[in-house]
Amino acid sequence: MLFSGKKKLLAVLGTMVVSTMLFAGCGGNDKAASTDKAATDLKGKVSASGSTALLPLLKPAQEAFEKEHKDVTVNIAGGGSFTGMNQVGEGAVDIGNSDVFLPNEYKDKGLVDHKVVVEPFVFITNKDNKVSNLSTEQIVGILTGKITNWKEVGGEDKAITLIHRAKSSGSRATIADVVLKGQQFTDNASIQDSNGAVLKGVATTPGAIGYVDAPYADKSVKVLDMDGVKYSAQAIIDGKYHVYGYGHMYTKGEPKGAVKAFIDYVMSDAFQNEYVEKLGFIPVSKMKK
Amino acid sequence: MEKDFIHQRKIIYDRYVRYLFIACAALMTIIIFSIIFFVGKQGLMTFTDVSPIEFFFTDKWNPLAHKYGALSFIAGSVVVTITAIIIGTPLGLLGAVFMSKIAPKRLRNIMRPAVDLYVAIPSVVYGYIGLTVLVPIIRSVFYVNMGYGVLVTSIILAVMILPTIISISEDALNGVPKPLEEASLALGATYWQTIYKVIVPSAAPGILTAIVLAMARAIGETMAVQMVIGNTPLMPKGLFTPTSTLTSNIVIEMGNTPFGSAWGNSLFLMALVLLIISLLMILAIRRIGSRRYS
């Protein structure tokens, strides 16, 4: 009697544990998020998602901002530019981070664009390549597949292998916009899913060319000059180097309260001057209009 | 009275445990069906924007210009899988014959866990080895430009499917009744003749099951494939041309593709195609399996 009672208790407990485990995944977040803290100046939550290229910049912004405003919680997730624009359009997050301007499908969602940073791109090649400067025209030729051998642009007789990003990538969209200006990329290219993978592919494949966000380019590859201009932050500020996009933070309607404060903080001189250049981006404020 | 009570409790207890099992079984069924339902619903929505003929029979993939031809991905998946089977089956089958019929018992006891170890290696490690070791080798041995492509992917997949082929074929070979083997030997056949004329044909359904299971594994493999195939959205034209598979294209594009757009839906449709291919393979295995005992 006693024994069977115990057994039953065990079974009930077991069932409870199993079902708790099964359902623990749901709803946990809401509980954590809804615990409000005492008010001082600003309070609330700021949620952002989107571009992974902007993540390294926004993480320090989040930390510094939360230190200044103790009652504000900032959540920043990745997911990609389109995820960000999608989620802010649906109202799932307060801020959608993106490397690209709004595509047409998003134009009617009332999103407001905040350009927070300039993201420069560089063209990189494998180290065995003898060419160190390409004209825009030559790069367009390579990207569209009209130029397929390095000897056509003054190098040795070696096939050109284009390694770059997927069709859904913000980086690719930026290059298509500012370099190709509407022409189509050749499909005859190897596609990698991140800046790091492109870098590795170009570094290990003879005759390879690709593009990455400037902060990613390291000693394993050769950075090309464009139209005789060597890449530098100053060259972009002076308007001599044209391959860059903007880091956008989109909000649905004009931002208010903590969301506005956070975007203002990211765009403030204090933050822009301290972090932006250190991370290889360029402050928007320095751009000549 | 007291005894009756205990008996009653036991019956109730019994019933509740049964409910628990039913609940678990139901949950499993619900999960798999909701996955199929979700992928199917999302995938089939593609056809509101794209005609099935365009999706399945053209190879121009450029969603930004509203071109949704997925033939190159389907072809890539099929070609890579078949090439992997062509490389992997002889290796795996001979290995299974060796382990089942030839190897001394002690060696067999070492080899079995070694084969199982293959499964424990994460696919990203296979991909990484392919990328850093195999690709440069292929580049220098065959004088090709890039090294990425069908061949390197198939070699890696062949290695990844080996444990499936070996262990299931070995079970099938072990399951061949001993008297068959003995009769063959008694009739004067050599051991080798016995193996390839009697044992292997008798085990054929099991071996076929192994191959189909291996195909299912190969066609669904994502990470390792994505790292070495080159992900070029073009039809596979040879062993050394980079191409794309259904899985590699899904993983490359899903991160930045708006959910619910024609583009996002078409990725789900690719997942649905994979799901259907796998389903057909499982049905095929069931047919092969039932034939064995009839």
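In helix α11 of chain B, the buried residues are L246(B), T247(B), S248(B), N249(B), I250(B), I252(B) and E253(B). Buried here is under 20% relative accessible area, exposed is over 50%, and partly exposed lies in between, using a 1.4 Å probe and protein chains only. That makes 7 of the 8 residues in this helix, which runs over residues 246–253. Helices are DSSP runs of H or I with at least four residues, strands are runs of E with at least two, and both are numbered from the N terminus.

A word on conventions. This is a predicted model, where local features need pLDDT of at least 70 and side-chain atom pairs count only at pLDDT 80 or more, while totals for chains, interfaces and linings use all residues. Residues are numbered from 1 along each chain as its sequence is written, chains are lettered from A and ligands numbered from 1 in the order written, and side-chain values use heavy atoms, without hydrogens and water.

Now the interface. Chain B brings 33 residues to the contact and chain A brings 36, with contact meaning heavy atoms within 4.5 Å. About 2900 Å² is buried between them, 55% of it from carbon and sulfur atoms; buried area is the accessible area (1.4 Å probe) that two parts lose on being put together, summed over both.

How many salt bridges are there between chain B and chain A? The count is 1: K60(B) pairs with D187(A), their closest N and O atoms 3.3 Å apart. The criterion is a Lys or Arg side-chain nitrogen within 4 Å of an Asp or Glu carboxyl oxygen.
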